[in-house]
Amino acid sequence: MALPLSKKQIVSSRYAFAGIAAIIGLCAALAVNTISYFCFPAYRFGFYLFMSAACFCVVLLFLAFMLPSNYWLGVNAGFAVMFIGIILLIVLGIWSRVTGNAIMRFVVENFDLSMVIGFAGTIIVFALSYILSITLFKRKYI
């Protein structure tokens, strides 16, 4: 807070760093999935690309929920939100496996639509998270 930067610049730099780190992770996932495609070509290459993009979107969603909680309740809240998010993903996976209500069935039947909805939804949630973080950070240090 002692630096001659606005609160919006501080939040923007954190989101920019998070976005850059997520893009680096996407590149690493693409490299690993490409190598695994050539070593173990069990599926078409599009499946490996989809897995990389899905992981990228999940990371952005985690960041979209974690960063505003840091500005609202502090660093420990961000850790708690991340932990709860992981537990919810595991429970959702187990639930869909046990009950047969797999979301993946919709994704398989409507793949192109699912990709557009998923990616656009992730970007919208990330943008709303950025706006919320700016608001929370400005209120915290009035």
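Biologist: In what order do the elements of the protein chain run from the N terminus on?

Modeller: In this predicted model, the order is α-α-α-α-α. The secondary structure comes to five helices and zero strands.

Biologist: Why are H2 and H5 called roughly parallel?

Modeller: The axes of helix H2 (residues 45-73) and helix H5 (residues 111-140) cross at roughly 20 degrees. Angles under 35 degrees count as roughly parallel, and H2 and H5 are therefore given that name. Their axes come within 8 Å, and H2 passes H5 in a left-handed crossing. The residues of this contact divide into 21 nonpolar, four polar and one charged.

Biologist: What makes H1 roughly antiparallel to H2?

Modeller: The axes of helix H1 (residues 7-39) and H2 come within 9 Å and cross at roughly 160 degrees. The cut-off for roughly antiparallel is over 145 degrees, so H1 is roughly antiparallel to H2. H1 passes H2 in a right-handed crossing. By class, the contact of H1 with H2 has 22 nonpolar, four polar and one charged residues.

Biologist: Which residues form a nonpolar patch on the surface, and what makes them a patch?

Modeller: The patch consists of Phe79, Met82, Phe83, Ile86, Ile87, Ile90, Val91, Ile94 and Val98. Patch residues have over 30% relative accessible area, and nonpolar side chains are joined within 5 Å. Together these residues have about 860 Å² of accessible area. One of them, Ile94, lies in helix H3 (residues 75-99).

Biologist: What box do the C-alpha atoms of the protein chain fill?

Modeller: Taken along the principal axes, the box is roughly 55 × 35 × 25 Å.

Terms used
Residues are numbered from 1 along each chain as its sequence is written. This is a predicted model: local features need pLDDT of at least 70, side-chain atom pairs count only at pLDDT 80 or more; totals for chains, interfaces and linings use all residues. Side-chain values use heavy atoms; hydrogens and water are left out. Axes are lines fitted to C-alpha atoms, for helices over the stretch in contact, and angles run from 0 to 180 degrees between N-to-C directions. Helices (H or I, at least four residues) and strands (E, at least two) are DSSP runs, numbered from the N terminus. Angles under 35 degrees count as roughly parallel, over 145 as roughly antiparallel, 65 to 115 as roughly perpendicular and the rest as oblique. A crossing is left-handed if the near helix is turned anticlockwise from the far one by less than a right angle, and right-handed if clockwise. Ala, Val, Leu, Ile, Met, Phe, Trp, Tyr, Cys and Pro count as nonpolar, Asp, Glu, Lys and Arg as charged, and the others, Gly among them, as polar. Patches are made of residues with over 30% relative accessible area and no salt bridge: like charges are joined within 9 Å, nonpolar side chains (Val, Leu, Ile, Met, Phe, Trp, Tyr) within 5 Å. Accessible areas come from the Shrake-Rupley method with a 1.4 Å probe; for residues, only the protein chains shown count as cover. A salt bridge is a side-chain nitrogen of Lys or Arg within 4 Å of a carboxyl oxygen of Asp or Glu.
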